[in-house]
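Here are my notes for someone opening this model for the first time. Have a look at the structure, then go through the points in order.

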Amino acid sequence: MTMFHFLNCAILTFGPHAVYYSATPLSEYDTLGTSIKAALVYLGTALVKLVCLATFLKVPESEGFDPYQEFLKALIGFIDVAGLYFALTQLTHRNISQNHKFQAVGLGWAFADSVLHRLAPLWVGARGLEFTWEYILQGLESNANLVFTVSLAAMGSLMWLRKNKPRTLIPVIYACAGILATMPSITSYLRRSLGWHIPKVVGFELFASLVMAFISWQLFSACQRPSL
């Protein structure tokens, strides 16, 4: 029963990444190499973030929300934006379109994040004798993170790769990118300052990920229309 629970949680956590790859044109255009490169860039970015967090943040004395500490976390979180910029603009890719490039980069980035932060807790905790919803919620949170990451990669693609975008949409694109980049701090505020429980926070993340995905899709579609 414990191994069955672990397999269910693992499929819920990592399965959507495989489904996304196989159900979209990414598999047809063989973008696996791009996703692997993006995952390696994520690992390097995560190492830099870990060093920065250990250097500039102090160990919290309580579980409360510390605005200064969270502000530093948000600033350090923008290292992810720099990593995505490198993955989108500096890595050598096969001859794939901009649409497929940002999806492949976002997919590899999100998968590496899930493996790094959720595989070990699943292996240690989900095989326990006592059933808990915690690891199912972690799987749902991983799905929300996948949508957030692909949406952020789409915003990065519009900011750095598309030159002929409508000027009126530029502030909206940057605002959406800022919201996506600071989402960990937003959820931390909901959890620590407002006292939201994990199921409520995960529900908010799932809802917000769908909203941001819809907005990103609309912005990307609008920027692809030929200018009159």
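1. Helices (H or I, at least four residues) and strands (E, at least two) are DSSP runs, numbered from the N terminus. Val202, for instance, is found in helix α9. Residues are numbered from 1 along each chain as its sequence is written, and side-chain values use heavy atoms, leaving out hydrogens and water. Keep in mind that this is a predicted model: local features need pLDDT of at least 70 and side-chain atom pairs count only at pLDDT 80 or more, while totals for chains, interfaces and linings use all residues.

2. Start with Val202 and its surroundings. With a relative accessible area of 2%, Val202 is buried (buried means under 20% relative accessible area, exposed over 50%, partly exposed in between, with a 1.4 Å probe and protein chains only). Val202 and Leu137 are 65 residues apart in sequence, yet their C-alpha atoms are 6.9 Å apart in space. Leu137 sits in helix α6 and is buried too, at 16%.

3. Next, the core. A nonpolar core here is a set of buried Ala, Val, Leu, Ile, Met, Phe, Trp, Tyr and Cys residues joined through side-chain atoms within 4.5 Å. The largest one has 40 residues, and those with the most contacts inside it are Phe102, Phe148, Met155, Leu158, Ile173 and Leu219. Two or more residues each come from α2, α4, α5, α6, α7 and α9 (198-224). Which helix gives the largest share of this core? That is α6, with ten residues.

4. From C-alpha to C-alpha, Phe56 is 27 Å from Tyr174, and Thr34 is 13 Å from Ala153.

5. Now the largest pocket, which holds about 1,400 Å³ of space. On a 1 Å grid over the protein atoms alone, a pocket is an open set of points where a 1.4 Å probe fits, with protein on both sides within 12 Å along at least five of seven lines; lining residues have an atom within 4 Å of a point. The volume is the space filled by probe spheres set on the points. Its lining has 37 residues, and Lys49, Asp113, His117, Asn145 and Pro184 lie nearest the centre. Helices that each supply at least two lining residues include α2 (32-56), α5 (98-125) and α6 (134-160).

6. Last, the aromatic rings. The structure holds seven aromatic pairs (rings of Phe, Tyr and Trp, the latter by its six-membered ring, pair if their centres lie within 6.5 Å; planes under 30 degrees apart count as stacked, over 60 as edge-to-face and the rest as tilted). Tyr85 and Trp160 have ring centres 5.0 Å apart and planes at 85°, so they pair edge-to-face. Tyr85 is in α4 and Trp160 in α6, so this pair ties together parts 75 residues apart in sequence. Tyr85 is partly exposed at 38%, and Trp160 is partly exposed at 21%.
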